[in-house]
Amino acid sequence: MTLPLNINGKDFDISANATDTLLSALRSAGFFSVRFGSHDGQTGAAAVLVDGQLVNSDVMLAGQAVGHKIETVEGLNPGVNELHPIQKAFVETGAIQSGYSTPAMILAAKALLAQNPNPTEAEVREAFSGILCRETGYLKPVQAVLRAAAYLRGEEVPPYDGPPIIDATFYAEHSPAPEDDGPELAGGSNLQSPVSTQTKPQTDIVLTSGVPETAVVGKPETKVDAVKLTKGNPAFVDDIDLRGMLYAKLLTSPHAHARILDIDASEAEALPGVHAVIHYKNVKRVKYASGGQSYPNPPPHDQVSFDNKVRYVGDRVAAVAAESEAIAEAALKLIKVEYELLPAVFDENEAIKPGAPIIHDEDDTEEIHDASRNIVHHIQAEVGDVEQGFAEADHVFEHSYYVHQVQQTPIEPHIAISWWDSDERLVIRTSTQVPFHVRRMVAPLLDLPVRRIRVIKPRIGGGFGVKQEMLIEDIVGHLTIATGRPVRLELTRSEEFRSSRTRHPQSITWKAGVMADGTLHSMQMKIVANTGAYGTHGLTVQTVTGLRGLSSYNCKNREFDCIVAYTNLPVPGAYRGYGGPQALFSLECLMDEIAAALKLDPIEFRRKNWVQAGDLMPIAPLLGEGEKRDGHHRAAD
Ligand code: FES
């Protein structure tokens with residue numbers, strides 16, 4: 001079926017059904033600036049203008065747009081090497097990070113400025129309120145719109161020199177905070193139009209602080225591919241057209257813990273348009289660990305592409321490749337799975353208790369510390385003697401903290417496309433942060449030598465660690481091998497929440513021995529960390545937690561004792577800060593509480609104990625950093 005759509009002032013006959021989303025219709029016609037974020041319009045990444053109004057094309061049917069004027073960012077592009085004033089302002093102000101939400105922001109700005117040529121900062125922020133951006137913090141996009149407004153009003157707009165670079169040490173040493181009402185750095189509230197930023201004195205002050213004059217560092221620099229991103233030109237994994245591409249969908253577990261007794265995909269395979277259905281019965285059982293880590297991946301290698309056991313809601317059960325996403329979805333419903341439900345455990349402290357359900361009872365996973373107690377790793381390191389230290393201390397404090405599970409939520413979900421190239425190499429184009437690890441890790445799963453695999457990592461729409469994983473690349477690889485066709489798999493937003501990765505929840509107990517003068521004397525950090533159903537980054541993230549927790553303040557005696565537990569939670573992985581945020585959140589709470597209890601100034605208490613340049617970090621070598629010094633370390637596991 002074709003639909004007559006007027007896009008950017010031109011009439012098109014788009015091959016799409018009236019019930020397809022406008023998003024899929026526009027992307028099938030090559031308007032790649034319109035991006036998928038979720039099926040419910042929550043991210044705003046699929047925003048377009050319809051009769052000048054900003055609408056989410058992922059919650060609008062293509063048929064509803066017939067007879068209306070649709071605008072995408074491609075329509076703003078005045079020509080090669082030319083930019084629309086709004087695009088120019090976004091490039092100049094550096095208002096683009098991943099660039100995934102940029103086209104939507106530019107259209108929101110166009111709609112606003114068409115109604116209000118001289119908006120306030122609050123009005124600009126309101127215009128952006130339906131567009132989630134995970135990286136910019138909106139500071140520079142707001143500046144960009146105010147700047148574009150000045151351009152469109154025909155005003156003289158001075159060169160952009162960006163927010164002032166504040167040399168914190170200069171202020172600490174030289175002067176009280178300057179009296180001025182200029183722009184705040186933290187996405188503050190009193191941004192003025194670009195004309196006024198020129199007069200701000202403090203940039204000069206900073207430059208005279210002995211910081212060497214630089215040509216690039218500390219100066220605004222245009223992003224190398226800013227033009228591509230501000231024009232919505234193809235940049236991301238999904239921005240390609242491949243002849244004969246099949247669409248994959250994942251069947252995931254509705255149960256937190258279950259054995260798969262049998263799976264019957266015959267009906268699904270018989271559905272017209274279905275080319276392959278893969279699951280544990282027809283995919284070779286090759287053990288791996290999905291964490292994108294340097295070679296060799298730390299043990300345990302506790303995963304396989306498709307297992308006859310599921311260990312969290314969202315765990316893989318099967319995958320289908322079909323002529324369309326709709327056919328693949330329908331085929332999923334025809335796959336019959338016979339489950340034996342097992343008791344589940346979600347709390348890391350409960351999981352290590354005797355009698356807890358055993359998450360990994362298979363016999364082909366090596367190097368689990370104690371599978372019978374769901375203990376993947378037991379990491380211990382000590383410098384000095386903390387118990388002796390507590391006995392010597394004047395005050396001893398013991399407090400517990402909990403850090404819960406959070407998701408990285410990049411606006412672009414995980415997506416991967418694979419095909420055979422003309423040299424019969426398997427190409428995997430994927431939204432990943434670890435292309436080289438992916439290539440090395442996927443090879444044994446696909447039974448292919450590394451040299452016959454090419455991984456392409458275009459721009460990604462946000463990562464924050466969640467794409468530091470070999471997450472779905474083996475699935476598209478298996479399906480391309482099974483069908484001989486290009487295969488595309490994109491996770492939905494709920495699959496991204498359930499089946500990708502998160503931050504590690506941790507139960508943390510600090511015990512601190514403090515001398516009467518406020519000197520830290522003995523610090524013990526005990527953690528039970530939750531790695532969910534699989535180990536992935538369990539060892540390395542928690543090791544960093546210990547390192548950051550016990551290397552931020554000087555202290556004679558320090559001990560780190562961490563148990564990493566399996567549970568039936570969705571799987572944590574790498575997340576920005578990689579174990580550091582859990583450590584510093586709990587540590588700084590502890591420091592405040594000790595200072596309050598000892599009636600000490602919290603800053604002076606910290607200053608007295610904080611690590612200074614040149615100080616030793618004796619626990620670091622015991623936690624994998626630098627060469628070993630004194631202190632003892634009972635190796636993990
Ligand atoms: S620049 Fe906004 S999501 Fe990346």
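A residue is called buried under 20% relative accessible area, exposed over 50%, and partly exposed in between, with a 1.4 Å probe and protein chains only. By this definition Arg485 is partly exposed, with a relative accessible area of 22%. The model is predicted, so local features need pLDDT of at least 70 and side-chain atom pairs count only at pLDDT 80 or more, while totals for chains, interfaces and linings use all residues. Residues are numbered from 1 along each chain as its sequence is written, and side-chain values use heavy atoms, with hydrogens and water left out.

Helices (H or I, at least four residues) and strands (E, at least two) are DSSP runs, numbered from the N terminus. Two strands pair if DSSP finds at least two bridges between them. An open sheet of 3 strands runs in the order S9-S7-S11, with antiparallel pairing. Strand S9 (309-310) and strand S11 (336-341) stand at its edges, each with a single partner strand, so one side of each has no neighbour in the sheet. Strand S7 (residues 258-264) pairs with S9 in the antiparallel sense over 2 bridges. Here Ala258 stands opposite Val310 in S9.

An open sheet of 7 strands has mixed pairing and the order S8-S10-S6-S17-S14-S15-S16. Strand S8 (274-279) and strand S16 (453-456) form the edges, and each pairs on one side only. On average, neighbouring strands of this sheet are turned by 20 degrees against each other, direction ignored. Axes are lines fitted to C-alpha atoms, for helices over the stretch in contact, and angles run from 0 to 180 degrees between N-to-C directions. Strand S6 (residues 246-252) and strand S17 (residues 487-490) pair in the parallel sense over 2 bridges. Leu246 stands opposite Val487 in S17.

Helices lie across strands of this sheet. Contact means heavy atoms within 4.5 Å. Helix H10 (residues 325-332) lies across S6, S8, strand S10 (316-322) and S17, at about 30 degrees to S6. Helix H13 (residues 435-446) lies across strand S15 (426-430) and S16, at about 145 degrees to S16.

Helix H14 (residues 473-483) is mostly covered, with 9 of its 11 residues buried. Among them are Ile475, Val476 and Leu479. Gly484 follows H14 and has a positive phi, near 75 degrees.

Helix H17 (residues 580-597) packs against helix H18 (residues 602-609) at an angle of about 115 degrees, and their axes are 9 Å apart. In the contact, Glu588, Met591, Asp592, Ile594 and Ala595 of H17 meet Pro602, Phe605 and Arg606 of H18.

A salt bridge is a side-chain nitrogen of Lys or Arg within 4 Å of a carboxyl oxygen of Asp or Glu. The whole structure holds 34 salt bridges. One of them joins Asp361 and Lys309, with the closest N and O atoms 3.2 Å apart. Asp361 lies in the loop between helix H11 (348-351) and strand S12 (375-383), and Lys309 in strand S9, so the pair ties together parts 52 residues apart in sequence. Asp361 is partly exposed at 38% relative accessibility, whereas Lys309 is buried at 2%.

Glu323 forms a salt bridge with Arg485, with the closest N and O atoms 3.3 Å apart. Glu323 sits in the loop between S10 and H10 and Arg485 in the loop between H14 and S17, 162 residues apart. Glu323 is partly exposed at 35% relative accessibility.
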